[in-house]
Amino acid sequence: MRERLLALKEEALGELSRVENQQQLNDLRVKYLGKKGRLTEILRGMGALSAEERPIIGQAANEVRGAIEAVIEEKQTGFQKAETEARLAAETIDVTLPGRPAARGAVHPISKVIEEIEDIFIGMGYTVAEGPEVEQDYYNFEALNLPKNHPARDMQDSFYITDELLMRTHTSPVQVRTMEKMKGQVPVKIICPGKVYRRDDDDATHSHLFTQIEGLVIDRNIRMSDLKGTLLQFVQELFGKQTQIRMRPSFFPFTEPSAEVDVTCAMCGGSGCRVCKQTGWLEILGSGMVHPRVLEMAGYDPQEYSGFAFGLGVERVAMLKYDIEDIRHFYTNDLRFLKQFVHL
Ligand code: DAH
């Protein structure tokens, strides 16, 4: 029996020395040491041994088991180490590889112009105010002295939501909302940028959605010359020192008197070109002295206070500044167009 045990040991160690992977190792473990394995098979014959022989053979069997187990253990450790190393090698990260650059967006030209105009007015002591795009008839029309029969109130020209609610057609309602909030205090010095909506058919110069910036100043002794000086300063900062303005009489229900303001054409410097249609001038905003009725409705005594207001189309300014020929470029979001503004 002893010989059989030793032969078993030799055979097992021989086989183990040739084992190549974990699976083979497991198989050999079962084959030699398993419940129905070769060692158990031999030990089943122990019952036939004498009392003296039994412990000796028992000890020999333990030694054989120990020797086989030791080799299995050693192989096992080797395989595990190799596996870990292989995994580490496969998962190596090359930290020196250049990264994939994230695509960088750019500020939209309309936002750019709004920011620039805000900066100019903030520099003159104004604050930025905002109001809702879904507006009440009262703020959009009534409180701005736009009478019920005014064409701008027509269903054909405005997007109505209900009889009393519509998409604001201009940023002027923010004037009224601001005055109400100020409760008669002065000075009021605000600009209000925002989207406005009109039922226009879109073409190169019209859009059903566009952007305006409203300005409002209320205090004692505000005069037309303050309006003119403010606008001159503004356009010179926006378009350059050489820019001049001209004011033409006009009409808006919320201002009296009212003026349309033109700037000298930045393209030709005033000599006449395609952009200014040979006139040398470009119309950029509407303005005027706040109508006494508008002041009164918002809680300011027109005997004591006066003010000026203006409203400017941002797309128009952006089109002039960047020589863009079609307003629709701003909204169709063609990357070839938008990318041109990355470095501005
Ligand atoms: N709200 C006018 C428009 O949308 C623009 C405007 C004109 C605003 C004169 C004003 C102003 O504040 O005084 O056409």
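In this predicted model, the shell around the ligand comprises four nonpolar, nine polar and two charged residues. Of these 15 residues, His 170, Ser 172, Arg 198, Gln 212 and Glu 214 come nearest to the ligand. Three strands each supply at least two residues of the shell: S5 (209-219), S8 (281-290) and S9 (306-313).

A polar side-chain atom of Arg 198 lies 2.8 Å from a ligand oxygen. For His 170, a polar side-chain atom is placed 2.9 Å from a ligand nitrogen. Phe 310 contributes a polar backbone atom, 3.4 Å from an oxygen atom of the ligand. On its own, the ligand has 350 Å² of accessible area, and the protein covers 89% of this.

The search of the whole structure finds ten aromatic pairs. One of them joins Tyr 138 and Tyr 139 in an edge-to-face arrangement, with 5.2 Å between centres and 80 degrees between planes. Tyr 138 is partly exposed, at 29% relative accessible area. Tyr 139 has a relative accessibility of 11% and therefore counts as buried, the cut-off being under 20%. A second pair, Phe 252 and Phe 254, is stacked, at 5.8 Å centre to centre and 20 degrees between planes. Both Phe 252 and Phe 254 are buried.

Tyr 139 also has a charged neighbour. Arg 177 lies over the face of the Tyr 139 ring, 4.1 Å from the ring centre. Elsewhere in the chain numbering, one aromatic cluster is formed by Tyr 322, Phe 330, Tyr 331, Phe 337 and Phe 341.

Technical notes: Residues are numbered from 1 along each chain as its sequence is written. This is a predicted model: local features need pLDDT of at least 70, side-chain atom pairs count only at pLDDT 80 or more; totals for chains, interfaces and linings use all residues. Side-chain values use heavy atoms; hydrogens and water are left out. Rings of Phe, Tyr and Trp (its six-membered ring) pair if their centres lie within 6.5 Å; planes under 30 degrees apart count as stacked, over 60 as edge-to-face and the rest as tilted. Buried means under 20% relative accessible area, exposed over 50%, partly exposed in between (1.4 Å probe, protein chains only). A charge sits over a ring if NZ of Lys or CZ of Arg is within 6 Å of the ring centre and within 35 degrees of the ring normal. A residue is near a molecule or strand if one of its heavy atoms lies within 4 Å of it. A polar contact is a pair of N or O atoms within 3.5 Å; within protein, one must be able to donate a hydrogen and the other to accept it, and residues adjacent in sequence count only if both atoms are side-chain atoms. Accessible areas come from the Shrake-Rupley method with a 1.4 Å probe; for residues, only the protein chains shown count as cover. Helices (H or I, at least four residues) and strands (E, at least two) are DSSP runs, numbered from the N terminus. Ala, Val, Leu, Ile, Met, Phe, Trp, Tyr, Cys and Pro count as nonpolar, Asp, Glu, Lys and Arg as charged, and the others, Gly among them, as polar.
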